[in-house]
Amino acid sequence: LHHPPSHCFDNSVESIKADLTEKLFSMRAKFPEVATLNDYYLALSYVVRDRVLHRWIHSAHTYFQQASRTVVYLSAEYLMGPQLGNNILNLGIRKQVEQAVAEMGLSLEDLLEQEEEPGLGNGGLGRLAACYLDSLATLQIPAFGYGIRYEFGIFDQQIKDGWQVEVTDRWLRLGNPWEVPHPERRYEVRFGGHTEAGYDAQGRYRVRWVPERSVMGTPFDTPVLGYGVGNAIILRLWQAEARESFDFQAFNLGNYYKAVDDKVMSENITKVLYPNDEPEAGRRLRLEQQYFFVACSLADMLRIFFQRDTDLDRLPDKFVVQLNDTHPAVAVAEMMRLLIDDNGLEWDRAWKITTGVFAYTNHTLLPEALETWNVDLFGKVLPRHLEIIYEINHRFLMEVNRFFPGDAGRLSRMSLFSEAGEKRVRMANLACVGSRAINGVAALHTDLLKQTVLKDFHELWPEKFSNKTNGVTPRRFMALANPGLADLITQSIGATWLRDMDRLKGLEPFARDNAFRDQWAEVKHQCKVRLAAMIRKKTGMAVDPDTLFDIQVKRIHEYKRQHLNVLNIITHYRRLKQGLDMDAPARTFIFGGKAAPGYVLAKLMIRLITGVADVVNHDPDINGRIKVVFYPDFNVKNAQHIYPAADLSEQISTAGKEASGTGNMKFALNGALTIGTLDGANVEICQAVGPENFFLFGLTADQVAATRQAGYRPCDVYDGNEELRAAMGMISGGLFSGGDPGMFAPLIDSLLNEDRFMVLADYAAYVQCQEQVGRAFLKPDHWHAMSILNVARMGMFSSDRSIAEYCRDIWHVEPVPVVVPD
Ligand code: 26V
């Protein structure tokens, strides 16, 4: 074996300065006088990248040598956030870099602001994948993240006249210094056509797939560093390219434009990220995306396997493949195809290998969110896979019938095909049948999974199920986002907490320490000052950092109930106008989040927020006692400014609907108190920090179900509550829509007629709980003590804990330390 370079990087200030100037020449062809801020951002990124790659090379070499058991994480989304700051943090060179750029007349903060983040995910699910890569690397687990290199990630959000406007996210426009393309390692992915059955030379039954077209997948690698260790792992994203840049036949026939057209069509596959929270209408391209990245990833995994082994029966010893929701669930069929068609295995042997490799994480209970594909469409795109799924289903239903003889209802519920209306493939069922482990993402979510959507599967295979409560990385969301708080914590309990979050417990005694509480309050205040400056820059609005910062940032969705928050604001506004509530503290209500482009009611909710902001912020009677801000374009970069500045975190989804939530953890780890329902991970957060340090309100999941069962009538709640009627009346009267009474009618009607998410049922409890919050905020010593206790008790919500549990219970993988000379 050849050894990777053992030369060391000099991380002195002088050396970083010299490297930076050199990169400006060699990578940007610029001299300092003409270099733009972006040139400097790129040059610094290349300086950092060299050091990142150094760690990656040593890691890859170690993993290759030891051929240790490896985790393959398959996810259609990764919301990585900006890379420069995080890599500097993980390399441990922040002080030197800060000084080096300062001596060159630049500010590190300005350079970091230049970075356009790769927004290759919608929200929680994609960001969870990114946190998990961070923790995998930090826990020294050999792992690959596989996904899609979307040319356009999640759209940029602008607010025009109070409405959301979507703008293409051209994140690659100025270049991406963090990825290394590997065009030499591309795979062909086939689509369409038909299958032919027959017998091979040995007389064995074989199926041949005769595809209609194919595209190439090229990998782009982004290293992800661990913190406090030499390990790095790789995020490998696939980009679709045409097989030939010219279709020579078409070219010779003079059909040049058809050849170019085919090229364009192939490259469409990885063009754009789809919203995951919008019901989809037969989107063929989305299915093609899913199969495309799954096919490339599994082919790559097998290539790596065959570097060191020949016996496919050992595949499950060497790899475990985690399916992040059902987006990559077609992998179950693709693995069977690879084993049977390409490697000549018999069905039973192939099935044993397949079901020894996969594990599946479910991320939602909402029935309309469960992925299904029209069978005709599926068969057109993946004819061979459809056949395989039919065969899996046939054998599976026989097994079900052995366990539960003659239970027709059960058979039809568990079938991989739904036959009500048009015939569809149920991807969650495929994922369950093909996996040896199935998990939910918070305790309540896993319990409800077992009782509802996956009830039949749980009855068949209870041993496959477990809970893995989500977590978030403290590196990005504490050390990087909130260095003031991180430094204060380190001064009091030492530096080890960033890799061992249970150490935060050591903060508990400081909750009673007056001097410490003052320092804590000062850090929070500084964060609020900085956020106020960002708000000014982005919206032109002035907000007062001495007010209570009450923040709800997350995707806009009815089940997340941003409109419940709005109803409370309107109620509070009306009371102030009537001279009531005058002793309540002044509040700044901050909202942020994107609505799926096709989700009309969610977009209307944004318009309601901006409409209320317009009225309240300019009402002289209110005189600054309430401000409402919609912070545009919520993304990872903005989030890092927002979480640290929150006094109050809004986690107010209808109980039973939010699988986990992860923003709830990011807020609490930055010292925000939570107002929330007993939903998702809120349940565990409340228990961990203590109910006396958490503002709990609303129906429980059981009560929600019981209330609906009993024939919930939202109009009865409406009729019985004068303040609710008044608040809704102000909306439907046109006060927040420039006098247009029709604008919010769809929202009001849906609340009065159906109220699927029990907004009205929880309204009174929420308003009352918000009054309690107001009173608590007026006792700053007590408030800050609660804030300290929140942080001290939140250690279990580190993604390191989540990943350690996956390693122990599902993946059965061990750490492989990497030694890097430096
Ligand atoms: C999908 C759909 C599709 C149809 C319309 C409604 C709807 C609503 C939500 C979704 C989300 C699907 C998966 C997802 O993103 N789940 C999120 O995963 C996070 C990480 O586990 C978790 O914290 C969030 O609670 C969960 O919503």
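Q: Which residues touch the most other members of the largest nonpolar core?
A: This is a predicted model, in which local features need pLDDT of at least 70, side-chain atom pairs count only at pLDDT 80 or more, and totals for chains, interfaces and linings use all residues. Residues are numbered from 1 along each chain as its sequence is written. A nonpolar core is a set of buried Ala, Val, Leu, Ile, Met, Phe, Trp, Tyr and Cys residues joined through C-beta atoms within 7 Å. Among the 243 residues of the largest one, those touching the most other members are L44, V72, L136, A331, L608, I609 and V612.

Q: Why does this core lie between domain 1 and domain 2?
A: Domain bounds come from an automatic or database domain assignment. The core lies between the two because residues are given to it by both domain 1 (67-81 + 117-468 + 806-811) and domain 2 (474-794).

Q: What percentage of the 822 residues in the protein is buried?
A: A residue is buried if 20 or more other C-beta atoms, placed from the backbone, lie within 10 Å of its own. Of the 822 residues, the buried share is 50%.

Q: How many helices and strands does the protein have?
A: Helices (H or I, at least four residues) and strands (E, at least two) are DSSP runs, numbered from the N terminus. The protein has 33 helices and 25 strands.

Notes
A residue is buried if 20 or more other C-beta atoms lie within 10 Å of its own, exposed if 12 or fewer, and partly exposed in between; C-beta atoms are placed from the backbone.
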